[in-house]
There are 2 protein chains.
Amino acid sequence: MTRRPVIAVLEGDRPVRGLERVARLADVRVTRAAGLDRALAGADVLYLWDYFSGALPDAWHAAGSLRWLHVAAAGVDKLLFPDLVASDVVVTNAHGIFDQPMAEYVLGAVLHAAKGFGPLRDAQREARWEWREGRNIGGSRALVVGTGSIGRRTARLLRAVGVRVEGAGRTAREHDDDFGRVHAAEDLAAVVGAFDYVILLAPLTPATEGLVSAAVVAALKPSAVLVNAGRGRLVDEDALVARLQAGTLAGAVLDTFAVEPLPREHPLWSLPSVLVTPHMASNADTWLDDLAAQFERNLLLWLDGRPLPGVVDKALGYVPSTA
Amino acid sequence: MTRRPVIAVLEGDRPVRGLERVARLADVRVTRAAGLDRALAGADVLYLWDYFSGALPDAWHAAGSLRWLHVAAAGVDKLLFPDLVASDVVVTNAHGIFDQPMAEYVLGAVLHAAKGFGPLRDAQREARWEWREGRNIGGSRALVVGTGSIGRRTARLLRAVGVRVEGAGRTAREHDDDFGRVHAAEDLAAVVGAFDYVILLAPLTPATEGLVSAAVVAALKPSAVLVNAGRGRLVDEDALVARLQAGTLAGAVLDTFAVEPLPREHPLWSLPSVLVTPHMASNADTWLDDLAAQFERNLLLWLDGRPLPGVVDKALGYVPSTA
């Protein structure tokens, strides 16, 4: 490479971090969505710090020299549009950065539901001392849907506190290191009924959209709790709401929704057995600095022509698990 | 023993369980508080199924033949009155039954605070999508005050998820199996400042009352969270409230209070950074059946003249740890 590489950085409301060292290695063009096409002209790399931006398709005409796109997020469902998928551009994501906060969120969600902290919080706001029993999670059964790095970390954390975990992924298998048994996602309706906690951590792809269909929702046992920290559109939300409203499902803890922010009039807001969190499961402590450090590490590898971690399989729509 | 032993059972609002097999081994007299003295006359054993009852002192004049008292609870602070302490009556508690639910409650409390589920729940009730970051608990530091069986189970559970745990007990020591380092409770003010989570699981005794004094409360670091699942009177509640109201302490999760039920006008109810739960940390799943089975096991041992588990040291006010 005879010239310095050019990196376009799409910033959003949250200022981009950690560009000082990057700027010693490359020409950096920080832009907002409105200037993305100008920043992309002649750029070798696009760094999507604003991971929710939908600005790329409109600027794609200027991306002719682009070779690598890194997104500071785990899910790439909003990013993968047909021209990008068809192109030779390598796409990497923030593989691994969110494993710990996501796993902890899920464990916290499971305990929140088991101990009834939601209804207790509601009672607190009205100064009501209303005794109720909790449930133990030790010995309970959890199904983790999604066997990528986040699902694996979650499985290990749940197992560490005595939850009996199995997995669900594209293909059924036995003797997985983290899950033991992995069920085929297509068999969900037949297997979910055995689990106390059903935990969604799968990416949103054409293959997983609506995976938790009305039939799967119907197969959840009445005492079950659904945790969704994957994507809202994995689930038939109407079917879920109907069971929760009918009181035939113990509860749900939801961090992702078909439409975000969750519309003010949505019935999920007001169901006492539901905890709604605003798509924050992956965000804790040093995540912004971790994202910045990860891009810098990746850039050094890329400049050396070495393999990048976290390469998205654009046909599948996620980073295939290495385990 | 030539006659069948007589067991007085103090029932409360919650019907006593598991007396069928007990009744094959002994004459059983189930009573409410009002009839306790009549039931105690000639009784060998008193089984306090209603563990919160304060009826015993008034009926004690009839307890002349009593040899063993079992209480279906962990804390005996409300039970130990001077005549009982001075007597030869052996007191046992529900040692071990509450270890798992209590440890899970504490882990759930720590995650509840770390992930900000309380304020998120409050936002939910108003249909407000209000993004906020969580904190990771992996790598954080917790101090467990109370090194009995509940404290030990809690320490193991927190360690299993990557929390760095130390303990505080009567005497300082190193190399404890569950805690590593155990600090002397009298040094609390000097040590609490190093911890992200300070977790109270000590019994209430003359030695522990007010252990978390105003000075100890003042020494908590601003980002710290206090979890109290021990007894309310371990803590200077006024000092705690003052720091929480001033916003100089991250939060608290409280299951026990100086006065229970917590009075409606108490400021703890309305502090957003506090989760108030109604003394339920120890109650989950099969606890009532577990309590019943434990008494039956103990009775078989007692009838055989064998040592009982969970014997309370009446001078100390709790079951000394065997670890």
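Q: Is the crossing in which α5(A) passes α5(B) left-handed or right-handed?
A: This is a predicted model, in which local features need pLDDT of at least 70, side-chain atom pairs count only at pLDDT 80 or more, and totals for chains, interfaces and linings use all residues. Residues are numbered from 1 along each chain as its sequence is written, while chains are lettered from A and ligands numbered from 1 in the order in which they are written. A crossing is left-handed if the near helix is turned anticlockwise from the far one by less than a right angle, and right-handed if clockwise. For α5(A) passing α5(B), the crossing is left-handed.

Q: At what angle do helix α5 of chain A and helix α5 of chain B pack?
A: Helices (H or I, at least four residues) and strands (E, at least two) are DSSP runs, numbered from the N terminus. Axes are lines fitted to C-alpha atoms, for helices over the stretch in contact, and angles run from 0 to 180 degrees between N-to-C directions. Helix α5 covers residues 99-115 in chain A and residues 99-115 in chain B. The axes of these two helices are 9 Å apart, and the helices pack at an angle of about 120°.

Q: Which word describes how α5(A) and α5(B) lie to each other?
A: Angles under 35 degrees count as roughly parallel, over 145 as roughly antiparallel, 65 to 115 as roughly perpendicular and the rest as oblique. The angle here is about 120°. α5(A) and α5(B) are therefore oblique.

Q: Which element gives the most to the side of chain A that touches chain B?
A: Two residues are in contact if their C-beta atoms, placed from the backbone, lie within 7 Å. The contact takes 40 residues from chain A and 40 residues from chain B. On the side of chain A, the elements that give two or more residues are α5, α6 (117-125), α7 (149-160) and β13 (274-276). With nine residues, the element that gives the most is α5(A).

Q: How many residues of domain 2 of chain A are in contact with domain 1 of chain A?
A: Domain bounds come from an automatic or database domain assignment, which divides chain A into domain 1 (6-97 + 285-303) and domain 2 (99-276). The C-alpha centres of the two domains of chain A lie 32 Å apart. Six residues of domain 1 of chain A are in contact with residues of domain 2 of chain A, and the latter number eight.

Q: What is the hand of the crossing of α5(A) and α7(A)?
A: α5(A) and α7(A) pack at an angle of about 50°, with their axes 8 Å apart. They are therefore oblique to each other. Their crossing is right-handed.

Q: Where is P261(A) found?
A: A cis peptide bond joins E260(A) and P261(A), with omega about -10°. In chain A, P261(A) is found in the loop between β12 (251-254) and β13.
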